[in-house]
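Let's take a walk through a protein chain together.

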Amino acid sequence: MITAPLRRAAAIAMLVGTLGLAGCTGSTTDAGPSAGTDASGSDEPTGELTIFAAASLSGAFDELAAQFEAQHPEVDVLPISYDGSSVLATQLIEGASADVFASADARNMTKVADAGLAAEAEDFATNTMTIAVAPGNPGDIDGLGALTDDELIVVMCAAEVPCGAAAHTLLDAASATVTPASEEQNVTAVLAKVKSGEADAGLVYRTDVAAAGDAVDAVDIEGAEAATNVYPLTALTDAANPGAAAAFIAFVLSDAGQSVLRDFGFGAP
């Protein structure tokens with residue numbers, strides 16, 4: 001038979017055990033978000049972010065990076081690597097490390113994806129070609145047909161670079177045969193030769209002329225929309241900082257990011 005003192009001792013032990021369990025449960029609930037998350041419970045990006053981007057994106061992506069860092073002060077966007085998309089794709093395939101890749105065309109993005117370095121890509125901007133000439137257009141260039149003049153020094157991007165592929169598409173459509181004085185690996189180099197006076201004309205993106213200010217003038221290309229470049233970006237599968245990469249891509253695709261791109265002359269995807 002269980003005596004009264006024993007029954008009282010058992011009841012006290014059960015009560016203490018129940019209170020102890022409740023206390024443990026309460027401490028877990030009251031702890032709040034775990035370390036590394038913001039007040040909403042979502043992950044807040046931190047650390048360094050490495051971006052490879054097409055040369056034509058330089059002004060826009062510098063601004064996007066600055067605004068992104070302002071929103072996420074724990075992220076340090078390293079100096080962005082700008083070059084022709086084909087050059088960047090080759091570097092990535094050969095082992096270069098990056099978190100985000102922004103290409104000026106789908107073809108070079110596909111090369112990176114086929115190498116197993118990227119999964120899904122998001123289109124985020126568009127761009128079209130124009131003819132960059134010296135201020136005042138001293139050569140009286142009025143379109144692609146004028147570039148066939150052997151007296152003119154014309155530069156353009158190499159065919160494997162997105163700006164070169166678009167230029168060749170437009171020249172073929174206009175039945176204009178142009179022998180360029182040089183074929184550059186990125187559109188920045190093409191524009192630089194026109195700005196310096198080394199070339200009379202260069203086939204570049206309209207965003208490049210807009211960014212150059214008074215340094216060059218633009219000559220519209222009839223039917224330029226037939227060679228519209230669509231820009232995709234992706235987080236690399238071996239990204240060292242996938243959280244920051246995802247956050248940056250989301251920012252580029254956001255209304256604020258798209259506003260920056262519009263300000264630099266890019267069209268919507």
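At roughly what angle do the axes of H2 and H8 cross? Before we answer, please keep in mind that this is a predicted model. The axes of these two helices cross at roughly 115° and come within 11 Å of each other. The crossing of H2 past H8 is right-handed. To find the place where they touch, look on the H2 side for Phe61, Leu64, Ala65, Gln67, Phe68 and Gln71. On the H8 side, their counterparts are Ala244, Ala247, Phe248, Phe251 and Val252.

Let's stay with Phe61 for a moment. Phe61 counts as buried, because its relative accessibility is 0%, and buried means under 20%. The rings of Phe61 and Phe248 have centres 5.7 Å apart, and their planes stand at 75°, so this pair is edge-to-face. Phe61 sits in helix H2 and Phe248 in helix H8 (residues 242-253), so the pair links distant parts of the chain, 187 residues apart. Phe248, like Phe61, is buried.

Phe61 has another aromatic partner, Phe124. Here the ring centres are 5.8 Å apart and the planes meet at 45°, so the pair is tilted. This pair also joins distant parts of the chain: Phe61 belongs to helix H2 (residues 58-71) and Phe124 to strand E6, 63 residues apart. Phe124 is buried too, with a relative accessible area of 0%. A search of the whole structure finds seven aromatic pairs. Phe61, Phe124 and Phe248 belong to one aromatic cluster, which also includes Phe68, Tyr205, Tyr231, Phe251 and Phe266.

Now follow Phe124 into its strand, E6. Which strands share an open sheet with E6, and in what order? The sheet has five strands, ordered E4-E2-E5-E12-E6, and its pairing is mixed. Strand E4 (81-83) and strand E6 (122-127) stand at the edges with a single partner strand each, so one side of each has no neighbour in the sheet. From one strand to the next, the twist averages 15°. As a general point, strands of a sheet pair through backbone hydrogen bonds, either parallel or antiparallel. Strand E5 (residues 100-102) and strand E12 (residues 229-235) are an antiparallel example, paired over three bridges. In one of them, Ala102 has Leu233 of E12 as its bridge partner. Helix H4 (residues 106-114) lies across E5 and E12, at about 25° to E12.

There is another open sheet to visit. Its five strands come in the order E9-E8-E10-E7-E11, again with mixed pairing. The edges are strand E9 (182-184) and strand E11 (217-219), each pairing on one side only. The twist in this sheet averages 35° from one strand to the next. Strand E7 (residues 129-133) and strand E10 (residues 201-205) run antiparallel and are joined by five bridges, and Ala132 stands opposite Gly202 in E10. Helix H6 (residues 187-196) packs on the sheet, touching E7, E8, E9 and E10, and its direction makes about 145° with that of E10. Helix H5 (residues 162-173) lies across E7, strand E8 (154-157), E9 and E10, running at about 120° to E8.

Finally, zoom out to the whole chain. Its secondary structure comes to nine helices and twelve strands. Of its 269 residues, 42% count as buried. The chain exposes about 13300 Å², and carbon and sulfur atoms supply 54% of that area.

Note on methods. Residues are numbered from 1 along each chain as its sequence is written. This is a predicted model: local features need pLDDT of at least 70, side-chain atom pairs count only at pLDDT 80 or more; totals for chains, interfaces and linings use all residues. Side-chain values use heavy atoms; hydrogens and water are left out. Helices (H or I, at least four residues) and strands (E, at least two) are DSSP runs, numbered from the N terminus. Buried means under 20% relative accessible area, exposed over 50%, partly exposed in between (1.4 Å probe, protein chains only). Accessible areas come from the Shrake-Rupley method with a 1.4 Å probe; for residues, only the protein chains shown count as cover. Two strands pair if DSSP finds at least two bridges between them. Axes are lines fitted to C-alpha atoms, for helices over the stretch in contact, and angles run from 0 to 180 degrees between N-to-C directions. Contact means heavy atoms within 4.5 Å. Rings of Phe, Tyr and Trp (its six-membered ring) pair if their centres lie within 6.5 Å; planes under 30 degrees apart count as stacked, over 60 as edge-to-face and the rest as tilted. A crossing is left-handed if the near helix is turned anticlockwise from the far one by less than a right angle, and right-handed if clockwise.
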